[in-house]
Structure formats: structure tokens, C-alpha cells
Amino acid sequence: MGRYVARRLLQMIPVFIGTTLLIFLMMYALPGDPVRALYGEQSVDVSQIAAIKAEYGLDKPLWQQYINYLTGLPQGDFGTQIASRRPVAEVIGEAFPVTIRLTILAFVFTVLVGVSMGIVSGMRAGRKTDTSVLVITLALISVPSFVLGFLFQWLFAMQFGWVTPTVQDSMNVGQLLLPAIVLASLSLAYVARLTRTSIAENLRADYMRTAVAKGLPRRRIISMHLMRNSMIPVVTFLGIDIGSLMTGAIITEGIFNVQGIGNLVYLALSRREGATVVGIVTVMVLIYLFVNLLVDLLYAVLDPRIRYV
Amino acid sequence: MRGAKSAKWVAMAAVVALGATACGGGSGDGDSGDSKAAVDPKGIFSVDVGEPQNPLQPANAKESNGSKVIKAVFSQLVDFDEKGEVVMENAESVETEDSKLWTVKLKDGWTFHNGEAVTAKSYVDSWNWSANIKNNQTNSYWFSDIKGFEDVHPEKGDPKSDTMSGLKVVDEKTFTIELSSPIPYFQYKLGYDVWSPLPSGFFKDPEAYGEKPVGNGAYEFVKWEHKKQIELKTYADYKGEDKPKNGGVIFKNYTTVEAGYQDLLSNNLDIIRQIGPKDLPKRKTDLGERAVDQDYNAIQSIVPAFYTKQWKDIDPKVLQGLSMAIDRDTITKTVLNNTREPATSFVAKGVAGFQEGVAGDILTYDAAKAKKLIEEGGGVPGNKIFIQFNADGGHKEWVEAVCNSIRKATGVDCAGDSKPDFQTDLDARDAKEVKSMYRGGWVQDYPLNVNFLRDLYGSKADGNTSGFADKEIDGLFKKGDNAADLDGAIKAYQEAEKAMFEKMPAIPLWYYKTNFGYSTNVKNVKFNTEGDPILHDIEVLKK
């Protein structure tokens, strides 16, 4: 187990270098120049642009820029934003706590509601409850998140007046609840469908019959035998989903005015702030790698037949 | 210029809230803000202004968000009235005899927000610092008219000096500016925020002052919560004429204009500077009189790339014909929801030197004449034009409408050439890779016709990216620059503008409008022709 984790951690190093290099190259390949962009459609001052580029090392060849970037990383130096002249680490540090709050809320909501909906409909497969869950999840999957976002905004803020239409303080968990629900709705539907199928299938499995034959109490059969085995595909999905909840929130962030990572990446991309984009992607890649490792380890917990050496 | 356009349109997708205002579902029933409620002179209101991209140093605020803050925190030597005429602000007088040596006298008693007196030195030091290439100020070229600019801002290498020889402090309240060549309209340039004075502490720690600026303006900087809001309060010792009628202002950052609009409807935001395209059609039903369309000194044109084979040696008659094939009236009313107004000249309306009717019928829709002119001019080479635009700026709809109009009227084929974003669009323009025509926008730097003519269509102008070069026009511009005084310059440039319609360096389409809205918490909300709310006049109602 320990050796397995160590091996996985070591494997992260080439993956990490590879992804940062790829993003670095992609940013470089995009047309447009972040320093030139400061001047927009107005008169351009060539000598000042050259001076600013020299200060940020943007006049150096690409490989040298990349090496400079990599050597800065271990010291926590993510580079400097060209327009604002603030350290990228500081800028990311402001947006991350917001995104993490939003993600955790959305994730908890997905797991709680999604899994329970899945269990209920899986246990009653083919009956009325199952059909109504099917209808709800189908609706959630087919409605784009911005429609749901505007609908909730109109309903809960404009009609009922329960909340303000947008998030007034991005760090306030209570206010993030509505965007989190909108964000979670799609994953929730998938989780419910996955859980339902898995449960419905495993209900007919041999080990279930054995458990019943042993005379185990129903509650124990469901929680220990059925649930554990049925959770494997769901956990796999949830692991991938954390990544997309974190970065994919841009539309929801826009509607509810949440100052998270999605919006930050979008702005940085449109301004060609390479260091910011690479920085965020780097952090995201790390999170993704760790979550995946966690998911793999969870398999062993859920299914005793899986062993890591 | 209040902001590179990229910032303005892209970054308009930005904002946050946290209100000084109460929460709760407000009504959007179209109440006029000018109700009978009493005014609270200490009241604080909020405006949607995105996160400034640059540090808040006066010569660094090139995009619109940062420049809003700079303009509230700093006062300039001069300001402009509604007609675009110069009025004195921090300056007692700005005088010259030969348009080359300018003498500035400051008003008495002005102080920075830290109590330091505003002196001639505050200005001279500020300009020397901002012009220095080493300080990396994006607007440093604004000082290029001053004698000795090359010494602090050489084209290559390190600056030779820390000061420009053209700036001299005469006494505490007087200084002189010597220009490298006479400019009869130089006082107009002085209204831009780059010319702000700076307190002595700034030069010791420019970074800290860029995070928390100390100015001489009507509003004092309180704090900047990054990506959330910027708080300003009224400066009690302000000596200017425009003393605020409110207690302060909060600039809130919104991620999208739509989010800002929702907050406006529920009174969590007091002023939205530009209502987003999605909400424009329903703004009048939602807000009633609180949705206002205000003239804005900015123009949109389509510009032929004169370096292409297609337009290289074109007969201007063809361009005149294309111009007359565009039904500006209908397009602004339908596709653009009345957010623009058909252009009647190369110059925006609220600018000194604007001439009514200078275009003749060239900017009026007339399909028959358009067709005739194009035929007389030898037709459009290839019989097809492309209009390059950036897909992230909401231009697609009107480009298609313009193309339809041209196609229907003249039979010349026309299509949009979409670039994914503004950066890519600019890149193609800079690299002179536009294949036919491109969308061009210009917001005033200063409210004078010169800024809309010389700075865009002079063959050596930095803003001229189309490769338009015409000796006659250059000569007429030169005549204006050599005029004895401001009036002479304006008149000479008006002549030049007339001649430009014979050359057609661009096809003017329409003037912008600011489509703003305000909540029921405030009244007396007006915008100036630069597209900014007139902060000091806004009154907050008692709750």
C-alpha cells in the first residue's frame, strides 16, 4: 500500500511537468500579446512595450521563459500578472477559497441528494418512485445550467425575496448555497442515475442472496453489502467531477457573481495573462491527481477484493 | 480613450456586490428615482466598476475601470463642459502666447488627501516620473509633446535624465511647460488623468500608492478589496467647484453585466454604467425613467485596409458608394436597440469642432446613388468585401445587418470575418493581415475634433492601423497644428474633415450611447459624454 502510494506520487512529477509545458506552449501559440493588449485600440508606444516585456522576461526565448517559470515554482513564485503587477500566487490565493467553498457545497449536495435519490429509485426499480426520479434527473440533465441559474434567480430572489439575486460576499457560505445547488444539479442527476443502475443490478447479485439467506438484518444488507459494492462507479464519477465542479463553474459564477477560479481563468485567457493561466492549471492538475489517487485508494476500502501492492 | 476598448467590453463582465444598501426583493416597477424623499448628504451609493487591471497610478490607468477610480480620486488642471470646452479646475490659468511655452498657475489652498499642499512641484515631479520609461507606465507617451521627452523615454536603452528639460517650476504655484513644437490645443490634452499631480510620498513607494492612491480630487480613497469593491469617501477639504452632494461611493465588481443588472433591479446596486445586451430590450419596462440613453463621445466605423490589393488604389467614390449603401437608421433602431445613433461626421457630437451636415449625403442611405457611385468608381475589386470583427464584443449582429444592407443595395457581396476574440482581432490588425476591412472603434482622449481626425488618420499617427496615407490630408492637418490659436486650429481641422469625405479613410457608422440605469435609492444621476457618471452631483435618498 505504502509503496503503491509512493509510486503514484512519483508518477505525478512527469505528468505535472508535461501539463505545465503543454499549457505554456498553448498560451504562447495563441495570437495576441498581453503587453500590447494593455494599449487596446489606441496609440501604441513601442519602446514602452519593449521595456515592460524586458522587465517580465517576456523578451527571452520560450524555453528560457519556461525554465524561469519552473525554477520559480518550488519557491512558491507563480510569476507576476502583467497588467496588475501583482504576484499570481496572491491573485489565485484570493479566488481559491471561494471556489473551494462553492465546490464543497456543491459536492456535498451532489452526494447527499444524488446518492439518496439513486438508492431510493434503485430499490424500487420499475415502480412509481423510480419513474419520478427518472423524470426529475432527465429534466436536470437536459436543462442547461444557465437556464436553471436564471430561473432560480428569478424565483428565489425576484419573486420570493428570500435571497439577493447575486452573491454579495463570495466568501459567505450561506449566500453560495443557491449557486452551489445550480452547479450541482447536473452532477446530481448523473450520480442519481449511476447509483440507481448499480443498486438495481447488485440487488440481484449472488452475494446479496447469500446475505439474505444468512439471515442478516435488512439494514445491514443494504448498508454493508449492497451500498459498498454499488458505490464503485459512483466514486469514480465523483472523483472526476470534483475537477469539473471547480473549473466548470464559469457560467454559474457569472450569473451569481461569484469571484472564483472559473472567472479568473476566463479573464486571464482573454487578456493572455499566461502566468495566471498556467498557475491555475498547475494547481488544478495537482488537485486532480490527488483526488484520483484518493479514488483509487477508496476502491480498496469499498471492495475487499481489490488490493494494492 | 477612457480605457482600451478591450477592457471596456471584456472587463465589463466583472463586478461584486456587498451593498451599503439593504437586501431584499425590490420592485422593478419603473418608479422614477426623483421621488419626494429627503436627500441624505452623507449617503453612500454604489456603481458597477470592475476590478482595475493596473495599479492605480495616474499614468497607468489605461483601461476604463482603473481610470474611473483615478478620475474620482484626482482632479486635473482643467476639465471640460458639456460642449467640450475647457474649464479650469485645479489651475487658476493655463496661458500661452506662442502655443509652445505654456504657463500654468495653480489655485490656492488645494491639498492632497494626506494634507500635503498641491504645488507646482507636485505636477512637475509627477510628470517626470510618469514619462520615465523605467517606471513602465502604459500612458507614458502622453508626455511626448514636452521638450526633453526623449531624454527620459528614449526609443532604446536607458534614459539619459530623470527630468524633462521642458518643465520648469517658477514658484510654489506656477510652472512652465515648453513643448518641442507648438500645439495650439495643448490645454485639451491636460484634461486627461495622466496629468494628475502626485504627493511626495508617492515617489518613495509607487507600489503602495498604486494600491492605495492619495490624490487631490473630490473623493478620498478608503480601501480596495480586490475583485470585490473599492470604497471612496468624500474629501472634506476639497476646494474644487464640484463638491460632492453625497458621502461617498462604492465601486462594485461584477462578473457579468447581467448579474449587475439583477442587483440593480433589487436595489443592491445603485448605478449600472452599461446595461448588457440581454437586458437592453426590457430596460424601459423594468426601470421606466431610470433607464437613460446618453450621448457618448465614441464612434464606430468600418475601415478599409489600404495595404491590401483590394483597396490599395481605390477610387474613393467606391467607398462613398458603400457608405451610402448602409441603412444606418434602420440598423441602429432594430438590431442595435437604439443603443447607437447614426454618425453624421468623422467626429463625435459632443466634441469641440463638431460640424453638423459636413458629410453631405455620404452617410445617408440611398441605394440607387450608392450603386451609381460604385459603378463610377470602377466597382469593388473582387466584388466582395469582408468586415473583420471580434466575436467576443457583440458585433456579429450589426456586421451581418450592414452586410445585408450593402448586398441588397448594391449587389456587392459582403461577409463578416470573425476573429474569436479582441486579442486575435488586434493581432491581425497590427500585423497588417486584415484581408479586406475591419471594425474600428474610437473613444475620445480629449473632446476636440483633432483627436478624432489627426490621431486616427494622420499618415504617421499611432492610431492609424489601416495604412491610410494622403498628402493632402496630412497637409491640412499640419495647417491646423501650425494655427496661431485654438480657434484657428479647430477651423483648419474642420476644413480637413470636409476634405476627408472626398478621400474616405473610413466609413463612419454610428456614435455610441451610454445606456445606464439607476436604482430607487438615488436621484439626479447624469453621465458625461465620456461615458462616466457625474459622481459629485448624485444624491442619495434617505431610507
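**Reading the chains and their contacts**

Analyst: Let us begin with the interface: 49 residues of chain B are in contact with 41 residues of chain A, where two residues are in contact if their C-beta atoms, placed from the backbone, lie within 7 Å. This is a predicted model, in which local features need pLDDT of at least 70 and side-chain atom pairs count only at pLDDT 80 or more, while totals for chains, interfaces and linings use all residues. Residues are numbered from 1 along each chain as its sequence is written, and chains are lettered from A and ligands numbered from 1 in the order in which they are written.

User: Which elements give two or more residues to the side of chain B that touches chain A?

Analyst: Elements are DSSP runs numbered from the N terminus: helices (H or I, at least four residues) and strands (E, at least two). Here they are helices H1 (5–10), H7 (257–265) and H13 (422–430) of chain B. H13(B) gives the most, with five residues.

User: How do the residues on that side of chain B divide into nonpolar, polar and charged?

Analyst: Ala, Val, Leu, Ile, Met, Phe, Trp, Tyr, Cys and Pro count as nonpolar, Asp, Glu, Lys and Arg as charged, and the others, Gly among them, as polar. The side of chain B that touches chain A has 15 nonpolar, 20 polar and 14 charged residues.

User: What is the domain assignment of chain A?

Analyst: Domain bounds come from an automatic or database domain assignment. For chain A it gives domain 1 (2–88) and domain 2 (90–302), with centres, taken over C-alpha atoms, separated by 32 Å. Their contact takes 23 residues from domain 1 of chain A and 17 from domain 2 of chain A.

User: Where does UniProt place the feature "transmembrane region" in chain A?

Analyst: UniProt positions follow the numbering used here, feature names are shortened, and annotations may be inferred rather than shown by experiment. The unreviewed UniProt entry places the feature at several spans of chain A, including residues 100–120 and 132–156. Residues 100–120 of chain A are 100% helix and 0% strand, with end C-alpha atoms 30 Å apart. For residues 132–156 of chain A, the values are 92% helix, 0% strand and 24 Å.

User: How many helices and strands does chain B have?

Analyst: Chain B has 16 helices and 19 strands. Its radius of gyration is 24 Å, close to the 24 Å that the globule rule gives for 543 residues, so chain B is as compact as a globular protein of that length. The radius is taken over C-alpha atoms, and the rule is 2.2 Å times the number of residues to the power 0.38.
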